[in-house]
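Biologist: I would like to go through the cavities, a helix and a strand of this model. Please show it, and give me the terms as we need them.

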Amino acid sequence: MIMNRLTDFLKYYYQKAARLKLPFMSYPKGTDGYKSVSSEKMKEFNAVRYHGPHRLACYNPFVNLYFNSRGQAVVCCRNQDTVLGTYPEKTIREIWYGEIAEELRTHMMNNDLSMGCQYCEHQFNTSRFYGLPSMHADFYSSTKVSYPKIIELELSNTCNLQCVMCSGIVSSSIRKCRENLPPLENHYDEEFVNQLSEFLPHAKEIKFYGGEPFLIETYYQIWDKLLAINSKAKLHVVTNGTVLTDKVRSYLKKLNFTITVSFDALNKELFESIRVGADFNKVKANIEEYNVLLRGKGLSLSLTPMKSNCREVPAVIDYCNSMNATINLSFVENPSSVALWTMCSKELKELEIFYNAYTFKSAKGVNSEYNIKAFRQFVKQISDYREVNRAREDEFFQNLKTEDEVRKILTDILSQALQGNIIFESDRKNIIKAVNEVESELSGFQQHIYFGNLANFLEKNGIETIKSLMNAGFDYKSLVTKLNQMSEMPDIYNKSYKDI
């Protein structure tokens, strides 16, 4: 415990001292057609970088090699678009020293994030820097290319859970049960492990992802090779927290592990509704045993804030602080239906008020300070979403037609239908009755949306709307159900995400 406190103390003052060179730093200017991150954003980023300020926005292309479950090699978990090469078509050596890798390094020498780095570009634009994947590479911050200092492995999607925000690409259970697809092809054979053996002695950090890493047999083969060479590399596992066997305990004791556990709520029912297939009590007990096995250092929790669990964020951070663990607040891009950036501005404002009113429990140490800062940047991002979405909503409502305009459109279409013998007078009266019935159940705000959506629908489909209604056999109850759906806010936020 004393050593942990001393380490925290040294980290804290190293970070403070490193900031002294901030005013004297210069950054790439975006010449020769490259689009550089602005100096203002770089200064803002450097003010909070965990390993001190640096000239480049990211060093991953120079020090990091990542293999995903499709056999593709990339430099970062968030940039799956720029593929350096695919195994076994290319060897690991050919991939790391290849032309695509060199091109990406040139982009990064110019702080240009256009070569597949849209995720980090979004985080830069909204000033949310804590948790950026580039932070991990900062410790090495070298542009000299030798063997990768960090190796990240996502060799299989073998997983025992079906998390709501996940997909079959990273969960075999989802691929089988939810998507009804065949298993992914296994690209990584014994020869891959043999080739990797050349790189293992040079690696300072090796990270293991899934799926669920503790269920992937190839990782145990790699850990055995690391034991054989007496590796001192920092090994990092991102786990769902459901697996803690005697075999796992043995490796955790023999090798230099840190662990991130995906943990999305302290409410048991909510947690199990997100992490489908997990037992909350078992996962929580495993988290606390992981912390003991790691001797109180090297544990972090990764929370994915969504509409369902966004109010759990502060409490989970308090839980982190109680164990001297760090928090990672992940970002959901898809499915957009669960993502925070598709919430209306009113809901985002209420969430922002909730966050700002929360009082964290007293905690000491660099990790708790980091966690609070990460939370504050997250709240700032919520504020940015609110402003953009409010502008989108204002634009949407300004363009909606009024009730009088909608009723005129409806009257004209019904008159045409009567003249064309598509409907009878009794049908016309029932259609108007259904429109009025739905309106009577709505508030003023919902009525505005309702009539606006109805106008858009009628203008788009015209008299064909009435023909379809009558051809299917006029059913009053079905018409009311369809009209009720028009009182819902349409998806206007996908365009907002591009703006954000």
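Modeller: One term to begin with: Ala, Val, Leu, Ile, Met, Phe, Trp, Tyr, Cys and Pro count as nonpolar, Asp, Glu, Lys and Arg as charged, and the others, Gly among them, as polar. Keep in mind that this is a predicted model.

Biologist: By class, which residues does the lining of the largest cavity have?

Modeller: That lining has 12 nonpolar, 4 polar and 1 charged residues. The 17 lining residues include Cys58, Cys76, Met108, Cys117 and Cys120, which lie nearest the centre of the cavity. The volume of this cavity is about 130 Å³.

Biologist: Which helices each supply at least two residues of the lining of the largest cavity?

Modeller: They are α3 (60-63), α5 (99-109) and α6 (118-125).

Biologist: How many cavities of 30 Å³ or more does a search of the whole structure find?

Modeller: The search finds 3. The second largest cavity holds about 70 Å³ of space. Its lining divides into 8 nonpolar, 2 polar and 1 charged residues. Among them are Arg128, Pro305, Phe331, Trp341 and Tyr385.

Biologist: Back to α5. Which of its residues are buried?

Modeller: The general idea comes from helix geometry. An α-helix has 3.6 residues a turn, so residues three or four places apart point the same way. In α5 the buried residues are Ala101, Leu104, Arg105, His107 and Met108. They lie on the same side of α5 because they cover an arc of only 155° around the axis.

Biologist: What do the buried residues of α5 pack against?

Modeller: Their packing partners are α3 and α4 (92-96). Just after α5, asparagine 111 has a positive phi of about 55°.

Biologist: Now strand β4. Which way do its residues point?

Modeller: In a regular strand the side chains alternate between the two faces of the sheet. In β4 (residues 150-153), Ile150 and Glu152 point one way, while Ile151 and Leu153 point the other way. All of these are buried, Glu152 included.

Biologist: Which strands pair with β4, and in what sense?

Modeller: Strand β1 (residues 64-67) pairs with β4 in the parallel sense over 4 bridges. Within that pairing, tyrosine 66 has glutamate 152 of β4 as its bridge partner. Strand β5 (residues 205-208) also pairs with β4 in the parallel sense, over 4 bridges. There, the bridge partner of isoleucine 151 is isoleucine 206 in β5.

Definitions and conventions. Residues numbered from 1 in each chain as written. Predicted model: local features only at pLDDT ≥ 70, side-chain atom pairs only at ≥ 80, totals over all residues. Heavy atoms only, no water. 1 Å grid on protein atoms, 1.4 Å probe; cavity = no way out; pocket = protein on both sides within 12 Å on 5 of 7 lines; lining within 4 Å. Points joined across faces, edges and corners; volume = space filled by probe spheres on them. Buried < 20%, exposed > 50% of the residue type's maximum accessible area, 1.4 Å probe, protein only. Arc of directions from axis to C-beta. Contact = heavy atoms within 4.5 Å. Pairing = 2+ DSSP bridges.
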